[in-house]
Amino acid sequence: ACCPDCPELAEMSIRSPPTLEELARQALLRNEALAISALEDLPWMLFPALFKEAFHGRLTRLVKAMVAAWPFPCLPVGALMNTFNLEMVQEMLDGLDALLTQNIRPRTGKLREIDFRRVHHRFWTVWAGAEDRDCSAETVSEKQEVKPPLSYELTQPLQVITDLYFRFQLDEAETNFLEWAQQREDSLQFCCVNMKIESLSLDDVSTILTVFQPDHIQVLELSIDWSWPTLAQFSPYLAHMRNLHTLSLVQIPTDRLGLDDLPGSEEEPVRHFLSQFSTLSSLQHLSLNGLSLASKHMKLLLRNLKTPLESFSVTHCRLFQSHLRHLSRCERLHQLKHLDMCGVPLSRLGMKPLRVLLEKVANTLETLGFQGCGIKDSQLSVLLPALSQCSQLTKVNFYFNDFSVNVLSDLLRHTANFTKMATEQYPIPLECFDEFGYFSRELVVQLCLGLVDTLRAIREPKDISFATVLCRGCLKRRVSDLEARVCPCLQ
């Protein structure tokens with residue numbers, strides 16, 4: 001017999017026996033045919049846990065049958081997917097087919113949407129006990145109150161909700177899925193919330209947006225090498241994106257959307273495309289990467305904004321002085337939380353308009369990106385009074401600018417109000433470089449540690465680094481941080 005202190009006995013006392021529910025579920029999972037035949041009479045509360053185990057165990061026939069018999073309004077299957085499994089997705093779509101073609105809706109006709117987005121969904125927390133079992137009152141009431149859909153809901157098409165990423169060209173599986181969806185457009189409504197499209201033709205994009213209606217899209221990232229007339233042809237789709245809150249336009253470098261010498265024939269397409277921004281009444285985040293606009297077109301774009309932006313990114317493009325004036329005067333930018341101008345050459349421009357913009361957003365700005373702008377000492381000095389007022393900043397990036405150690409010290413002394421600062425990124429001082437562009441490791445360590453000491457006299461930094469160009473040896477930035485560590489190639 002085991003003694004009272006025996007580890008085996010202690011483990012046995014801790015381990016609780018399986019519940020009747022768990023035993024029943026295990027029996028069903030061992031016999032897929034039995035499980036499928038029992039779905040009609042299976043209590044509703046057993047469905048979520050059984051579905052999770054069938055899904056993770058890749059019991060495709062059972063998954064298909066459970067989709068057809070699902071007793072809840074929503075099936076958030078994407079929350080169960082670490083990676084996109086085309087086989088399992090196809091089985092679930094086949095299950096939807098069973099709902100649509102076989103009219104399986106005696107007592108199990110509650111499914112209104114199937115959600116493929118890979119995001120957390122508290123449905124599984126409530127019903128399958130995946131996380132905290134001490135649910136809030138609101139969550140518990142949701143679990144207890146499972147009602148059949150209203151009569152008008154039964155006439156609405158089932159929704160298929162997903163996030164999508166298309167790149168280069170539609171492959172066979174994507175083409176087949178779109179054809180499958182087009183054949184069921186009367187009985188299924190396909191909704192894409194987050195859509196990313198990279199290097200597709202306008203014809204392919206049109207095919208996608210025929211299936212996934214534009215008014216459901218909330219986040220759109222469009223990486224294209226289109227001409228302005230092609231963008232103008234895309235405009236009607238953009239005009240219908242009434243719920244779009246995040247738009248990222250990335251111009252793949254081909255010189256098609258150049259700033260200079262815009263042909264007269266393309267003036268109207270540019271204006272037509274930019275005028276569609278007046279229809280985006282939910283837009284909060286706008287990013288323009290590599291998209292060079294003439295000054296008058298930037299003014300038109302900003303004038304057409306209908307809502308205050310939370311984030312504005314204009315990166316890796318050319319701007320002139322007039323562009324900066326338009327930015328500073330645009331009231332829709334005066335509540336920004338995030339401003340990014342990385343990769344925009346600013347070395348020959350006056351900083352007063354940017355100082356005005358920083359003053360306007362001083363009470364809201366949280367992140368600021370000026371990486372690779374070529375800003376010089378005199379320009380930074382113009383910005384310092386406004387920067388010192390930005391007390392909400394949590395991150396700044398000044399990598400790859402041309403600052404001397406004295407001006408960097410001055411910058412750090414102006415950050416006493418940065419009590420929320422979490423990440424600070426600065427360039428290595430100019431004094432570290434010789435006339436040929438090579439820098440001294442010893443000077444980097446000495447000057448950067450001195451700058452950190454300067455900052456510590458004002459406030460305690462959390463994450464601060466000083467960097468120069470990428471190292472050819474390890475393809476990493478040569479960085480000096482709080483401990484004066486540098487690129488391993490220089491050790």
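## Basis and overall make-up

Helices (H or I, at least four residues) and strands (E, at least two) are DSSP runs, numbered from the N terminus. By that rule, Ser199 sits in the loop between β4 (188-198) and α11 (202-211). The model is predicted: local features need pLDDT of at least 70, side-chain atom pairs count only at pLDDT 80 or more, and totals for chains, interfaces and linings use all residues. Residues are numbered from 1 along each chain as its sequence is written, and side-chain values use heavy atoms, with hydrogens and water left out.

The protein has 19 helices and 14 strands. Of its 491 residues, 48% are buried. Buried means under 20% relative accessible area, exposed over 50%, and partly exposed in between (1.4 Å probe, protein chains only). Among contacts with a separation of 6 or more, 80% join residues 24 or more positions apart. Contact means heavy atoms within 4.5 Å.

Most residues other than glycine have a negative phi. Ser199 is not a glycine, yet its phi is positive, about 60°. Ser199 has a relative accessible area of 22%, so it is partly exposed.

Arg58 also has a positive phi, near 55°. Its place is the loop between α4 (47-56) and α5 (60-68). With a relative accessible area of 54%, Arg58 is exposed.

## Helix α17 against helix α18

Two packed helices are described by the angle between their axes and the distance between the axes. Helix α17 (residues 377-387) packs on helix α18 (residues 405-413) at about 5°, with the axes 10 Å apart. That angle makes α17 roughly parallel to α18. Axes are lines fitted to C-alpha atoms, for helices over the stretch in contact, and angles run from 0 to 180 degrees between N-to-C directions. Angles under 35 degrees count as roughly parallel, over 145 as roughly antiparallel, 65 to 115 as roughly perpendicular and the rest as oblique.

From α17 come Asp377, Leu380, Leu384 and Leu387; from α18 come Val407, Asp410 and Leu411. These contact residues divide into five nonpolar, two charged and no polar. Ala, Val, Leu, Ile, Met, Phe, Trp, Tyr, Cys and Pro count as nonpolar, Asp, Glu, Lys and Arg as charged, and the others, Gly among them, as polar.

Thr307 lies in the loop between α14 (295-304) and β8 (311-315). Its relative accessibility is 17%, so Thr307 counts as buried. Its side chain reaches the backbone oxygen of Leu283 at 2.4 Å. Beyond four places in sequence, Thr307 is in contact with Leu280, Ser281, Ser282, Leu283 and Arg332.

Asn289 belongs to strand β7 (residues 285-289) and is partly exposed at 24% relative accessible area. The C-alpha atoms of Asn289 and Leu249 are 6.2 Å apart, across 40 residues of chain. Pro236, in helix α12 (residues 228-239), is partly exposed at 44%. Pro236 and His272 are 36 residues apart in sequence and 9.8 Å apart, C-alpha to C-alpha.

## Cysteines

The whole structure holds zero disulfides. A disulfide is a pair of cysteine sulfur atoms within 2.5 Å. Cys192 is in none; the nearest cysteine sulfur, that of Cys191, is 9.1 Å away. Cys192 is buried, at 0% relative accessibility.

The sulfur of Cys432 lies 5.6 Å from the closest cysteine sulfur, in Cys448, too far for a bond. Cys432 is buried, with a relative accessible area of 2%.

Note on methods:
Polar contact = N/O pair within 3.5 Å; in protein donor to acceptor, adjacent residues only side chain to side chain.
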